[in-house]
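Please read the briefing below alongside the sequence and the 3D structure. It goes from the whole chain to single residues.

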Amino acid sequence: MGDEWKTIPDLLGSGPLDLILVGINPSRYAVEKGHYFARPHNRFWPAFTRSRLSRPLREALGIERVEPRHDVEFPRFGLGLTDVVKRPTAKASELTLEDYRLGVPRLSERLALHPARIVCFQGLTGYRAFLEHALGRKPRRVLAGRQGLTLAGAEVWVLPNPSGANAHARLEDLVAWQDLLAEALGRGARRGDPPDP
């Protein structure tokens with residue numbers, strides 16, 4: 001990470017985590033606000049609020065709605081936040097191959113230092129870049145859900161990108177996927193089958 005730009009720090013705590021959520025990279029807006037997924041049209045926080053994944057945090061904080069400002073609370077509840085690339089951009093499509101080439105090894109180091117049960121990429125773009133630059137494989141077809149591989153001892157998942165620009169996933173789909181994560185972590189009973197990717 002260079003001194004020429006600011007970013008959002010990792011929120012990974014100091015002990016083992018249940019789940020680390022991995023975004024592609026922070027938006028400039030999120031860096032300005034100082035919180036993950038801070039854009040008003042990003043559906044991460046509405047989905048997280050409605051999912052069983054957020055229940056321990058909501059109950060402990062006595063809140064009904066989880067907002068970007070609550071991201072700093074994540075490590076106390078076994079949750080972490082980081083990105084594949086830490087350089088902020090207006091849109092993820094502005095990232096270069098060099099950004100990924102530098103960002104992926106840094107992400108691998110951070111994940112090795114912060115053990116988790118599950119590492120979950122928020123979107124296929126960041127996960128594909130990770131596979132290509134960390135494991136040297138060009139993925140053919142990647143679907144959302146459990147990936148059948150481990151990373152630094154953690155099971156790997158991919159969920160649809162919560163960005164408002166992702167028209168392929170509805171809010172209800174994002175909630176259902178987060179509920180499946182909650183079930184995998186023992187944070188709730190299964191409500192149904194996963195949505196179509």
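Residues 24 or more positions apart account for 69% of the contacts in the protein with a separation of 6 or more, a contact being heavy atoms within 4.5 Å. This is a predicted model, in which local features need pLDDT of at least 70 and side-chain atom pairs count only at pLDDT 80 or more, while totals for chains, interfaces and linings use all residues. Residues are numbered from 1 along each chain as its sequence is written, and side-chain values use heavy atoms, with hydrogens and water left out.

**Overall fold**

- The protein has 6 helices and 5 strands; helices (H or I, at least four residues) and strands (E, at least two) are DSSP runs, numbered from the N terminus.
- From the N terminus on, the order of the elements is β-α-α-α-β-α-β-α-β-β-α.
- The radius of gyration is 16 Å, close to the 16 Å that the globule rule gives for 197 residues, so the protein is as compact as a globular protein of that length. The radius is taken over C-alpha atoms, and the rule is 2.2 Å times the number of residues to the power 0.38.
- The C-alpha trace spans about 40 × 35 × 35 Å along its principal axes.

**Surface and burial**

- Of the 197 residues, 49% count as buried. Buried means under 20% relative accessible area, exposed means over 50%, and partly exposed lies in between (1.4 Å probe, protein chains only).
- The accessible surface comes to about 10,000 Å², and carbon and sulfur atoms hold 50% of this area. Areas come from the Shrake-Rupley method with a 1.4 Å probe; for residues, only the protein chains shown count as cover.

**Charges and salt bridges**

- The protein carries 29 positive and 23 negative charges, and their mean positions are 3 Å apart. Lys and Arg count as positive and Asp and Glu as negative, with His and the chain ends not counted; each charge is placed at NZ of Lys, CZ of Arg, CG of Asp or CD of Glu.
- Side chains of opposite charge can pair when their charged atoms come close.
- There are 14 salt bridges, each a side-chain nitrogen of Lys or Arg within 4 Å of a carboxyl oxygen of Asp or Glu.
- One of them joins Asp-18 and Arg-187, with the closest N and O atoms 2.9 Å apart. This pair links distant parts of the chain, 169 residues apart: Asp-18 is in strand S1 (residues 17-23) and Arg-187 in the segment after helix H6 (171-184). Asp-18 is partly exposed at 23% relative accessible area, whereas Arg-187 is buried at 15%.
- Another pairs Glu-73 with Arg-76, at 2.7 Å between the closest N and O atoms. Glu-73 is partly exposed at 21%, and Arg-76 is exposed at 55%.
- Arg-170 and Asp-173 also form a salt bridge, at 3.0 Å from N to O. Asp-173 is buried, with a relative accessible area of 10%.

- In helix H5 (residues 124-134), the buried residues are Gly-126, Tyr-127, Ala-129, Phe-130 and Leu-131.
- An α-helix has 3.6 residues a turn, so residues three or four places apart point the same way.
- The buried residues of H5 pack against helix H4 (97-113) and strands S3 (116-122), S4 (145-151) and S5 (154-159).
- Gly-136 follows H5 and has a positive phi, near 65°.

**Gln-178 in helix H6**

- Gln-178 is found in helix H6 and is buried, at 4% relative accessibility.
- Leaving out residues up to four places away in sequence, Gln-178 touches Phe-44, Ala-47, Phe-48, Ser-51, Leu-53 and Leu-159.
- The C-alpha atoms of Gln-178 and Thr-125 are separated by 18 Å, and the two residues are 53 residues apart along the chain.

- Most residues other than glycine have a negative phi, and most peptide bonds are trans.
- Phe-37 has a positive phi, near 50°. Phe-37 lies in the loop between helix H1 (28-33) and helix H2 (44-50) and is buried, with a relative accessible area of 16%.
- Ala-152 likewise has a positive phi, of about 50°. Ala-152 sits in the loop between S4 and S5 and is partly exposed, at 46% relative accessible area.
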